[in-house]
Structures are given as structure tokens and as C-alpha cells.
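Here are my notes on this model, point by point. Please keep the structure open while you read.

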Amino acid sequence: MGLPAKLLGDGEQELLHLRSHGKTMIGPTAWLLVTSAVAGAGFALLPSSWQPWSAWAAAVIAVAIAIPVYLIPLLRWRTTTYTLTNHRLITRSGIITKVGHDVPVARITNVAYERSLTDRMFGCGSLVFTTSAEAPVVLHDIPKVEEVGVAISNLLFGVRA
């Protein structure tokens, strides 16, 4: 699901709609599993004479830890999108406060990508767009970064021709 049609201009077509690679959720998921294991150990080790309050307390503490450790990064990942149209590069992010940035395709002068060892293992990387007037725009953890870079370069070549 891409951007709603009402957010696109006349004659503008969505070419790519992306979000960061799922690898960004590995750390939060690991912490969620650790939190769950500690809560489970808490349930098992607390004396039965403390029931049911100890079970409720352990559950509340586990949920209170899981929200900032897992839920907020999940929502941040789900609400951050990158859209390429034939006219502009659109970035949108934010859970409560929405932040957007639009860069006209005609202002992009260079497209580069960076891939670390872990990026190569997961098949993603960072795209770096150099524009004629602003600081570079960096999109982190883009899946199939080389293919996306080639598609954008082809679009730029078509725009400039």
C-alpha cells in the first residue's frame, strides 16, 4: 500500500514504495524475548503465597518494559516509509508527530549506496541522494538497495533526457 492518490500531484505516478528492512527489528525482538523470559522466571520463582498479586505485578512490569523496548520501535518502523514517484522522493515518518520531506527528482544530482557486512548478509543498504541545494538525503536499511539505486538512476536519466 503506497501513498493515497490525494497526496500525489497531477500526472504523478508512484514508482516505488519502501520501508526499512525488517532487520531493524532484530534487536527489539531479542529484548522482547529476554523480557518475556525474565517475566516467566518471575512467575515460576515467586512463592505461591504471593499469588495472585505477584503474577499481576510481574505481568505489569513486563508490559511496561515491552512498550519502549519493542512496541515503540515496531511502530516507528511501520510508520516510516519512502516513496519514489516520477516527480519526487517522499519520506514520511512519525508515530504521533508526522514528519515528511519531499525532494524533487530533478534536484537529485547523484545516487550512491552503502552496504556494510551485515547489510550484505540481509540484502539491504543505505541510499545516499545528493541534491543540488540541500544536504544529502540518506535512506537507511533499504531492501535490495542496488536494484532500487538502479531504478532511481534510470528515472534520473529519463528525466534529464
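1. Confidence. The model is predicted, and the protein chain averages a pLDDT of 86; pLDDT is the predictor's confidence in each residue, from 0 to 100. In the chain, 96% of the residues score at least 70. Confidence is lowest in helix α4 (residues 145-160), at a mean of 79. It is highest in helix α3 (residues 117-122), at 92. Helices (H or I, at least four residues) and strands (E, at least two) are DSSP runs, numbered from the N terminus. Where pLDDT is low, the predicted coordinates should not be read in detail.

2. Ground rules. Residues are numbered from 1 along each chain as its sequence is written, and side-chain values use heavy atoms, with hydrogens and water left out. As the model is predicted, local features need pLDDT of at least 70 and side-chain atom pairs count only at pLDDT 80 or more, while totals for chains, interfaces and linings use all residues.

3. Strand β2. Buried means under 20% relative accessible area, exposed over 50%, partly exposed in between (1.4 Å probe, protein chains only). That makes 5 of 5 residues buried in β2 (residues 81-85).

4. Partners of β2. Strand β1 (residues 14-18) runs antiparallel to β2, joined by 4 bridges. Two strands pair if DSSP finds at least two bridges between them. Leu 16 stands opposite Leu 84 of β2. Strand β3 (residues 88-93) also pairs with β2 in the antiparallel sense, over 4 bridges. Here Tyr 82 has Thr 91 as its bridge partner. A hairpin of 2 residues links β2 to β3.

5. The open sheet. Three strands, in the order β5-β6-β7, form an open sheet with antiparallel pairing. β5 (108-114) and β7 (137-143) are at the edges with a single partner strand each, so one side of each has no neighbour in the sheet. From one strand to the next, the twist averages 25°. Strand β6 (residues 124-131) is joined to β7 by 5 bridges. Phe 129 stands opposite Val 137 in β7.

6. Arg 19 and Trp 77. The charged end of Arg 19 sits over the ring of Trp 77, 5.7 Å from its centre. The rule asks for NZ of Lys or CZ of Arg within 6 Å of the ring centre and within 35 degrees of the ring normal.

7. Ala 41. This residue is in helix α1 (residues 26-45). Ala 41 is partly exposed, because its relative accessible area is 35%. Ala 41 and Leu 16 are 25 residues apart in sequence and 46 Å apart in space, C-alpha to C-alpha.

How values were computed. Axes fitted to C-alpha atoms, helices over the stretch in contact; angles between N-to-C directions.
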